Structures are given as structure tokens and as C-alpha cells.
Amino acid sequence: VEQSTVNSVCYFEPYMKIKEADKYFYIHAIKGAIEGEQLRLLYQPKIDLNTNKIVGVEALTRWHHPERGVISPGDFISAAEESGQIVDITKWAINQACSDMAQWRKADIEDISVAINVSLVDFRSGALPQIIFKALNTNQISPHLLELEITESVIFDDADHVQEQIHKMNVKGVSFAIDDFGTGYSNLGYLSKFNVETLKIDQSFLKDIATNFHNQHIVKSIIKMSKSLHIENVAEGVEDEETAKWLRENDCSMAQGYHWAKPMAFNELVKFLEKNNSH
Ligand code: C2E
Ligand code: CA
Ligand code: CA
Ligand code: CA
């Protein structure tokens, strides 16, 4: 028994140290990333499964570090949440997205909605509505074109002012999507209490949907439930036609994934939109 404990400690510790060191690195470098314009916003199209048209995009952040190269959000967002710096990243992302939206309006591209990921830390800071209203106003963007993707951790936060902020933005026309749906809470009563427009079905359920009966049941019931509550649904992480076909057959309304497009830079998106929505 003693031997195996020693072994597991040996395997565990170096890994933890690297992670801790990374976190330390990120927290110290993020400030420079924002000020040094190392952050980039990519956009991934969201497809209407009936018409095959792009109905919106999700904004996803990348960090172009001068020495480390491209750092993905999975690596630095949690460190930024822990240090509170996520608030500055979110502010940057909102401003960038709104100024991009103003750009494609100038280019005479059909209005599509943009979804931005926001975290519980953004709500706890209390600054989110102000940041959003200001960015919309400065760029003359309709609040109806902006969607905020939140996880259930936001909905279930017990601080009153979190719910107040959701309400405040909601009445102005900003909409909300529940991200990674199905991975969080089992109490679904909140769906009728909050004005949530969209459920994003977590990509873990879609991976092997054509053959995994367990996941088929889960996804079918999410689709059925969202329809009965008049909530839109989006399947995430769709990588092949087989999955897309299954989703169409089971009345899923929208999807996102490498099957249609990877997240792309603004200039590429403009071309992609012109090509896809022109016929
Ligand atoms: P998410 O919001 O669930 O975003 C979906 C993730 O799946 C993205 O990863 C996207 O690039 C990836 N993805 C899309 N289609 C496919 C597919 O067909 N197959 C596979 N395997 N993956 C696909 P990404 O861009 O690395 O972002 C990871 C997570 O980081 C996001 O998960 C989101 O929670 C967070 N994130 C990204 N940008 C921001 C941001 O600006 N603010 C905050 N708070 N979080 C962000
Ligand atoms: Ca998301
Ligand atoms: Ca997600
Ligand atoms: Ca997520």
C-alpha cells in the first residue's frame, strides 16, 4: 500500500508543478497581452440546419504570445478568472466584437448575431451591463444582435445582483444562451424562470451520436424540452455529415462545428458570409 502511494505521488506532483507554474506565468502575462494587443477574436459560424444559412457567430478569444505562440482560451481563461483579469478580457472582447459588427455593417453584410462568452466573475464584478451598453452605443449596434453565453454557474449564483444584471440586459434586448448545456445541474426549473433564448447542447454528447444510444436519448430529450419551452437549441462541436444528418432528423434547429467552419478571423468571416448567404 505504501509503495503505491509513493508512486502515485511521484506521478502527480510534477504535473501539478507545471500547471501551477503555467498559471503563475499566465496571470503575470495577461496584463501585457491586453495592453500589448496580443489578443485576437475569432468567429465561428452558427448554421440553421433547415436552410443551411449562417444565422450568427460565436466570438472566441486567442492569445498570440510573442514567444509561446498561440495560446488557446482553455489554457488561460481559468487563470484569468481566478485572478479577476477575465473582466478586462471580456471588456476587450465586447469592444472588439462591437467594432467588428460596425465594420461589417459598413461592408453591407446582412446583420447576424454575435455571441460572446462571459463568466460568473464578470457578473460578480458588477460592471458587465455598463460595459455592454457603452460598447453597443458607441458602435451603434442593436442590442438584439448581441447574445451572451453563460454557464449554469451564473444562473445558480445566489448573489441577487447577478440576476439583476441579467434582467437589466434582457429588458434592453440582449439575449442569453446557456452554454455546455447538459453538463451542469439536473434541476431544470430555472429554464422557465429565466428569459433564456438558447440552449447550446454540449459537444461531449455529439461526439459519437450516430452510434451512442445513451447520448441519443439525452440529446433527443434536450431538443424536445427546449421546443416545448420555446427555447432555441444549438448543437456544438459537429464534425461530420453523419452527425449533422442525425440532428436534422431529430429536429435540432441550429449547429456549430468544424463540419461547416472552424473559428476564423474577421476578414475570413466576411468572405465566408458573402459566399454562403448570397444564394
Ligand atoms: P465553448 O464556449 O464551449 O466554445 C466551443 C469550443 O469548441 C471552442 O474552443 C471551439 O473552437 C471548439 N469547437 C468548435 N467546433 C468544434 C468541433 O467541431 N470540434 C471540436 N473538437 N471543437 C470545436 P476554444 O475556442 O478553444 O474555446 C474553449 C473555451 O474557452 C470556450 O468553450 C469558452 O468556454 C472559453 N472561451 C473562449 N473565448 C472566451 C472568451 O472570450 N471569454 C470567456 N470567458 N471564455 C472564453
Ligand atoms: Ca460558448
Ligand atoms: Ca460550449
Ligand atoms: Ca465552455
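Biologist: Is H230 buried or exposed?
Modeller: In this predicted model, H230 sits in the loop that joins α9 to β8 (232-235). Its relative accessible area is 75%, and the cut-off for exposed is over 50%. H230 is therefore exposed.

Biologist: What is the phi of H230?
Modeller: H230 is a residue other than glycine, and its phi is positive. The value is near 55°.

Biologist: Where does Q140 lie, and is Q140 buried or exposed?
Modeller: Q140 is not a glycine, yet it has a positive phi of about 55°. Its place is the loop between α5 and β5. With 56% relative accessibility, Q140 counts as exposed.

Biologist: Which residues does K207 contact, leaving aside its neighbours within four places in sequence?
Modeller: K207 belongs to the loop between β7 (198-201) and α9. Its relative accessible area is 51%, so K207 is exposed. Beyond those sequence neighbours, its contacts are G237 and E239.

Biologist: How far apart are the C-alpha atoms of K207 and H64?
Modeller: Along the chain, K207 and H64 are 143 residues apart.

Biologist: Is N215 buried or exposed, and what does N215 touch?
Modeller: N215 is part of helix α9 (residues 213-228). Its relative accessibility is 9%, and buried means under 20%, so N215 counts as buried. Not counting residues up to four places away in sequence, N215 touches S204, F205, D208 and I209.

Biologist: Which residues is F123 in contact with, leaving aside its neighbours within four places in sequence?
Modeller: F123 is found in helix α4. With a relative accessible area of 0%, F123 is buried. Its contacts beyond those neighbours are V118, L128, I150, V154, H161, V162, Q165, I166, M169 and F176.

Biologist: What separation do the C-alpha atoms of F123 and N215 have?
Modeller: The two residues are 92 places apart along the chain. Their C-alpha atoms are separated by 32 Å.

Biologist: What span should helix α7 (residues 160-172) have, and how far apart are its end C-alpha atoms?
Modeller: Helix α7 has 13 residues, which at 1.5 Å a residue should span 18 Å.

Biologist: Why do the buried residues of α7 line one face of the helix?
Modeller: The residues concerned are V162, Q165, I166, M169 and N170. An α-helix has 3.6 residues a turn, so residues three or four places apart point the same way. Seen down the axis of α7, the buried residues line one face because they fall within an arc of 130°.

Biologist: Which elements do the buried residues of α7 pack against?
Modeller: The face turned away from the buried side carries the exposed D160, E164, H167 and V171. After the helix comes G173, with a positive phi near 110°. The buried residues pack against α4, α5 (128-138), β5, α6 (152-155) and β6.

Biologist: What do the buried residues of helix α10 (residues 241-249) pack against?
Modeller: T243, A244, W246 and L247 are the buried residues of α10. They cover an arc of only 160° around the axis, which puts them on the same side of the helix. The face turned away from that side carries the exposed E242 and E249. The buried residues pack against α9 and β8.

Biologist: Which residue follows α10, and what is its phi?
Modeller: The residue that follows α10 has a positive phi. It is D251, with phi near 65°.

Biologist: Which elements pack against the buried residues of helix α11 (residues 266-276)?
Modeller: F266, L269, V270, F272 and L273 are buried in α11. Seen down the axis, they fall within an arc of 165°, so they line one face of the helix. On the other side, N267, K271 and K275 are exposed. The buried residues pack against β1 (39-48), β2 (54-65) and α3 (86-106).

Biologist: How much space lies in the largest pocket, and which residues are the closest to its centre?
Modeller: The space in the largest pocket is about 920 Å³. The pocket is lined by 39 residues. Closest to the centre are E58, L60, P73, N117 and D179.

Biologist: How do the lining residues of the largest pocket divide into nonpolar, polar and charged?
Modeller: Among the elements that give two or more residues to this lining are β1, β2, α2 (73-83) and α3. The lining divides into 14 nonpolar, 13 polar and 12 charged residues.

How values were computed: Residues are numbered from 1 along each chain as its sequence is written. Chains are lettered from A and ligands numbered from 1 in the order in which they are written. This is a predicted model: local features need pLDDT of at least 70, side-chain atom pairs count only at pLDDT 80 or more; totals for chains, interfaces and linings use all residues. Side-chain values use heavy atoms; hydrogens and water are left out. Helices (H or I, at least four residues) and strands (E, at least two) are DSSP runs, numbered from the N terminus. Buried means under 20% relative accessible area, exposed over 50%, partly exposed in between (1.4 Å probe, protein chains only). Contact means heavy atoms within 4.5 Å. The arc is that of the directions from the helix axis to the C-beta atoms. On a 1 Å grid over the protein atoms alone, a cavity is a set of points where a 1.4 Å probe fits but cannot get out, and a pocket is an open set with protein on both sides within 12 Å along at least five of seven lines; lining residues have an atom within 4 Å of a point. Grid points are joined across faces, edges and corners, and a volume is the space filled by probe spheres set on the points. Ala, Val, Leu, Ile, Met, Phe, Trp, Tyr, Cys and Pro count as nonpolar, Asp, Glu, Lys and Arg as charged, and the others, Gly among them, as polar. The expected span of a helix is 1.5 Å times one less than its number of residues.
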